[in-house]
Every structure is written in C-alpha cells, then in structure tokens.
Amino acid sequence: MSNAAWDFIVGKDDLRQTRVDAAPAAGLAEGDIRLKVESFALTANNITYAVFGERMGYWKFYPAPEGWGRVPVWGYAVVEASNHPEIKVGQRFFGYVPMSSHMTATPRKTATGFFETSPWRAGLAAPYNQYRLVDGHEAHEDEQSLLYPLFMTSWLIADMLRDDGFHGAKSVVLSSASSKTGLGLAYLLHRGGEAKVVGLTSPGNAAFVEGLGYYDQVIPYEGLGGAAIDEPAVYVDFASNAGLRAAVHHRFGEALVYDCVVGGTHWEAAPESHHGLPGAKPTFFFAPDRIRKRREDWGPGGLEAKFAADWPVFIADSTRWMKVERRAGPDAVRKTYIEVLDATASPDQGFICTP
Ligand SMILES: NC(=O)c1ccc[n+]([C@@H]2O[C@H](COP(=O)([O-])OP(=O)(O)OC[C@H]3O[C@@H](n4cnc5c(N)ncnc54)[C@H](OP(=O)(O)O)[C@@H]3O)[C@@H](O)[C@H]2O)c1
C-alpha cells in the first residue's frame, strides 16, 4: 500500500486497535487543496490527543469511519493539487497533519501561510488550524516537527510561572521528567535560576535525565517520599497519574502552592482524581489558551519574537541528546505508534515518519 494514498486509523475505544485504510483521492472542491504529507513526528503528546480525542475535540480534525479516529501529528506537507487561486502546487507547509499519506484543506491565505477553514474544524483552537509556508527546505526540519509544539508548551509554562512569581515556590517539581516537553521546561527554568528544578522519572530514565544537566535534582518516582526538596513547591504534572499526584500532594501538604496539569503520559493509570488532597487544587494547562492571552498582551508578533530568542538555542542543544530516527511507510507508522503508546522507546529517541 505504500505507493497508494492511505489513512492510519485507531480504535477510539481501544487505542491498540489500528488499521490502514485506502484513501483514494476524491475530486477537489472549488477553493480546496490536496497536500501530500512528507513527514511527521510521533511522541507521547500525540497519544494524549487520542486519549482526549472525544473530550477535547481532537478526533474532529480529520474525518474517519464510525468508531475510528485519525490522530493529529505535527509535520510537513507539500501541495500536490490546488483549486485555490493563491496556493500553488509545490508549496510546502508546516502544521497539523493526519497520520496519512495525504490530506485535503480549505485554506484561507494568511500573511504566513494559510488558515484551515474546513467546517468541521471551526471552533477548534486556532493554533491547530494555522499552517506556516516554508520557503524551500529549512534547517532542522525533523527537530522542528518533534520539538516545536512541545517546546512552545514548555516556553509558555515557564512564562506563566514567571508571570505568577512561581507562586512563591523555591522548587518546581516535574513528573515525566524525561519527556521532551518536560526537558524543554527544565532547560528554560534551570537557565533562569529562579527556583530549583526537580525531575521525577522512572528509574530506567533517571541516568539519561541526570546526564543532561537540565535538572538540579532527579528523583526516581519511588524515591519521592524520602527526598529532601526545597519548599514551597510547584508541581508541573505531565503524567496525570492519580497515585503519583496523591504522593506529591501528601509529600508537600500545604507547601504545594500550585499544581499545573499539562499532560497524561501515564494514560493507562488510574483516572485523574484530586478529591481530599492537601495543597493546591490541580489546574489544567492548555497551551492555545495561553497563546491567545500572550498574543493579546504583546500584540502582533510579540510572542513569536520572544519565543524566537530561545527556540534556536534549545534546538541546537537538543542535537546533543535527541537521536532522530526516520521510518518510512504505513507498517513503520504502525510500529512506531505502538512503541510510543506502550512507552517502549527510550527518551532520547525522536521518531519521524515519512508516509
Ligand atoms: N497541555 C498542552 O497543551 C500540552 C502540550 C504539549 C505536551 N503536552 C503533554 O506533555 C506530555 C509529554 O509529551 P511529550 O510528547 O513531550 O512526551 P515524550 O517525549 O514522548 O515522553 C516520553 C516520556 O514520557 C513518559 N511516558 C511516555 N509514555 C508513557 C506511558 N505509556 N507510561 C508511562 N510513562 C510514559 C516517560 O517518561 P518518565 O520515564 O520520565 O516518566 C517517557 O520517557 C504529554 O502528556 C503531552 O500531552 C501537553
């Protein structure tokens, strides 16, 4: 099937169920374009999109057969056919793509690329509908697909914590410390030096995390109870594991001054619960909301300019520890998806799929 058009789809009720469906090109409506997906990244963040597919609308981005979903990923796509007067065949874009060989879009041209206006995407967070025009090929495209959406989140969390004076905390404690989003946040906070950066991770990943030098302290999950950590503390939770959350809240009690829930890497762990826990109530972090706020605060281009000061430095540093692994074709997409779903990959791997 690798030469024909296809969609990789997953069971909405059983994320381990997968299928590759043929997706022959239909006629293009007036104003539409058809893009060939060139490459995309797969990390735990995409699994979270699937886990929260129903609740947070992630299944709405790409239509799929009843009971099945197409997981959104970040990557590059090239225009293969165009019925749009301002978008030309051969133009390349970076943005949200499906795990498919192709996608269609109904673009509205913007200053930086296009905005996807397909009716089923109306009402979904704007950053997911923005596609950036890429002039030729740019440097570090694989790192861009892998880290851009994650590091943007790391950056926005660091910015928010600074804006809130770290709620008076002396430590910021991160779960899933080896995740790329966690590493980005640790990198920024460690460089800022306002608070100690403490990483909680699985025992097998502790040496890798420690070796990077982004954390002041790295603690395996089961070592949390006995570890000396400066108080008060903020918890930035990428795992959403109810047992771990309870352990963190009981460890700090009222000295836990903020609990920021960012992700759910531990997607098969007990469902979220915070009833009766001491310390700050968990607050969900949604990057698009914070992007909207900072665009209002800083005006056009303000957020992008500030972010641009940190992004190339982090990308350059990531080449020190992230090994990009390219995999081609639908079978490889399936294998990679299952590895990411089951967390059998090591944290220094960065998967790029080329449909
Ligand atoms: N709210 C937002 O706007 C937003 C935006 C971006 C990312 N996020 C979230 O941030 C989290 C990290 O995403 P990422 O793409 O950076 O992850 P990643 O780099 O793929 O993370 C890999 C690490 O996550 C942990 N992990 C992954 N799958 C697991 C599993 N099934 N069971 C237990 N641990 C698992 C492990 O860390 P340890 O061994 O260190 O525990 C693993 O080394 C995701 O939950 C994502 O949704 C949220």
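**View 1. An open sheet of six strands in a predicted model.** The strands follow the order β13-β12-β11-β14-β15-β16 and pair in parallel, where a strand is a DSSP run of E with at least two residues, a helix is a run of H or I with at least four residues, and both are numbered from the N terminus. Two strands are taken to pair if DSSP finds at least two bridges between them. Because β13 (217-220) and β16 (282-284) stand at the edges with a single partner strand each, one side of each is left without a neighbour in the sheet. Neighbouring strands of this sheet are turned against each other by 20° on average, direction ignored. The model is predicted, and local features need pLDDT of at least 70, side-chain atom pairs count only at pLDDT 80 or more, and totals for chains, interfaces and linings use all residues. Residues are numbered from 1 along each chain as its sequence is written.

**View 2. The pairing of β11 with β12.** Strand β11 (residues 171-174) and strand β12 (residues 196-201) run parallel and are joined by four bridges. Within this pair, Ser171 stands opposite Lys196 in β12.

**View 3. The packing of helices α2 and α7.** Helix α2 (residues 141-163) packs against helix α7 (residues 302-318) at an angle of about 130°, and their axes are 11 Å apart; axes are lines fitted to C-alpha atoms, for helices over the stretch in contact, and angles run from 0 to 180 degrees between N-to-C directions. The two helices α2 and α7 are therefore oblique to each other, given that angles under 35 degrees count as roughly parallel, over 145 as roughly antiparallel, 65 to 115 as roughly perpendicular and the rest as oblique. From α2, the contact is made by Glu143, Leu147, Phe151, Met152 and Trp155, and from α7 by Phe307, Asp310, Trp311, Phe314, Ile315 and Ser318, where residues are in contact if their C-beta atoms, placed from the backbone, lie within 7 Å. By class, this contact of α2 with α7 has eight nonpolar, one polar and two charged residues (Ala, Val, Leu, Ile, Met, Phe, Trp, Tyr, Cys and Pro count as nonpolar, Asp, Glu, Lys and Arg as charged, and the others, Gly among them, as polar).

View 4. The chain is divided into domain 1 (6-140 + 319-340 + 350-354) and domain 2 (146-289), with bounds that come from an automatic or database domain assignment. The C-alpha centres of domain 1 and domain 2 lie 29 Å apart, and the contact takes 14 residues from domain 1 and 13 residues from domain 2.

How values were computed: Two residues are in contact if their C-beta atoms, placed from the backbone, lie within 7 Å.
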